[in-house]
Amino acid sequence: MRVAVFSTKRYDREFLTRANAAHRHELTFLEPRLTLDTTVLASGFPAVCAFVNDVLDQPVLSALAQQGTRAIALRSAGFNNVDLEAADLLGMTVVRVPAYSPHAVAEHTVGLILALNRHLPRAFNRVREGNFALDGLMGFDLHGKTAGIVGTGKIGTIVARILAGFGCRLLAHDPHPHEECLSLGATYLPLPDLLAQSDIVTLHTPLTPRTYHLIDRDAVAQMRRGAMLVNTSRGALLDTRAIINGLKSGQIGALGLDVYEEEEGLFFEDLSGRVLQDDVFARLLTFPNVLITGHQAFFTREALTAIAETTLANLSLIERGEPCPNVVTSARLVGS
Ligand code: NAI
């Protein structure tokens with residue numbers, strides 16, 4: 001199948017090319033992000049392969065459909081960037097990679113918790129400058145602390161397993177309680193109760209209309225004062241302005257992010273020689289108790305291998321007209 005692969009970096013080309021030996025699709029690697037302006041690059045391609053910050057709203061999908069595209073293969077688990085209703089109406093098939101390495105994201109989440117708690121970036125810089133003073137580096141034992149996990153699907157459950165290993169007390173919030181979390185001793189609570197009791201809150205829900213700004217001003221007020229908040233799921237789960245106010249007042253004690261609600265055009269690019277235009281993001285960078293990584297939680301060899309293999313296998317099934325278990329439709333959103 002001829003596939004226009006958007007938002008490709010060197011590592012995407014490497015892993016997709018290797019996995020394609022078993023599929024023999026005709027892959028055209030394109031560096032630009034998919035937006036209305038770049039849809040023309042996919043003209044005549046029956047399939048488009050896209051990543052998390054590619055725009056797949058109604059106008060883009062409609063333009064792609066008019067140019068002959070019938071399949072969208074997401075190299076991601078999340079599909080919040082796709083207007084699924086529009087895709088359904090246009091008769092386009094959307095496939096994703098539901099699970100590639102939930103361990104990668106869960107382990108990065110715990111990495112953020114540890115680095116924030118023990119001020120590792122600050123300690124690293126101090127030691128390099130010959131400053132071995134400990135003032136300002138004090139953390140807390142994770143053992144015995146309460147961790148609130150919001151969304152206990154594949155990733156949240158692994159986070160629960162790791163934090164249980166540290167000796168944390170586990171609270172959880174999810175409309176569908178997970179058997180393993182229950183067996184780890186997690187107590188499922190309504191969100192306000194989880195927020196009120198947790199020393200660490202970590203988010204692992206998909207971004208849907210229901211979870212948009214899940215942590216807003218009211219939720220910040222419900223948190224235990226000085227608690228740590230971590231988001232490795234999707235940026236818009238947080239109302240960033242409310243979070244900044246929470247940091248300024250000390251209501252939020254520390255913030256770890258791998259995602260940001262306006263990350264499109266920012267993350268995945270080297271902008272080090274440019275002036276940062278996003279004032280909200282710039283404000284976040286000023287806090288000593290904020291640690292941000294640029295959407296790298298998924299970025300392990302194992303995950304990239306699985307993403308490439310599943311993406312190309314999804315496309316092979318579509319090409320052969322066989323049922324694909326990784327199709328997402330607008331019906332998939334009902335109740336999520
Ligand atoms: P999953 O589908 O296995 O689990 C999601 C869980 O969230 C489900 O148990 C679901 O019932 C729950 N949920 C849905 N709405 C909820 C709500 N309102 N409140 C509480 N729980 C709710 O998904 P998985 O694989 O664990 O991934 C979670 C998210 O992580 C993805 O949707 C994606 O946005 C994000 N992600 C981030 C990556 C990164 O590199 N930073 C990489 C991969 C995924």
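Pocket, for my notes: on a 1 Å grid over the protein atoms alone, it is an open set of points where a 1.4 Å probe fits, with protein on both sides within 12 Å along at least five of seven lines. Its volume is the space filled by probe spheres set on the points, which are joined across faces, edges and corners.

Ground rules: this is a predicted model, where local features need pLDDT of at least 70 and side-chain atom pairs 80 or more, while totals for chains, interfaces and linings use all residues. Residues are numbered from 1 along each chain as its sequence is written, and side-chain values use heavy atoms, with hydrogens and water left out.

I looked up the largest pocket and got a volume of about 1300 Å³. It is lined by 50 residues (an atom within 4 Å of a point), and closest to its centre sit His 204, Thr 205, Pro 206, Leu 207 and Thr 208. Two helices (DSSP runs of H or I, at least four residues, numbered from the N terminus), α4 (102-117) and α6 (154-165), each give at least two lining residues.

Entry two, the helix pair. The axes (lines fitted to C-alpha atoms over the stretch in contact, with angles from 0 to 180 degrees between N-to-C directions) of α4 and α6 come within 8 Å and cross at roughly 50°. That makes α4 oblique to α6, oblique being what is left after under 35 degrees (roughly parallel), over 145 (roughly antiparallel) and 65 to 115 (roughly perpendicular). In the contact (heavy atoms within 4.5 Å) I found, among others, Val 105 and Ile 113 of α4 and Ile 158 and Leu 163 of α6.
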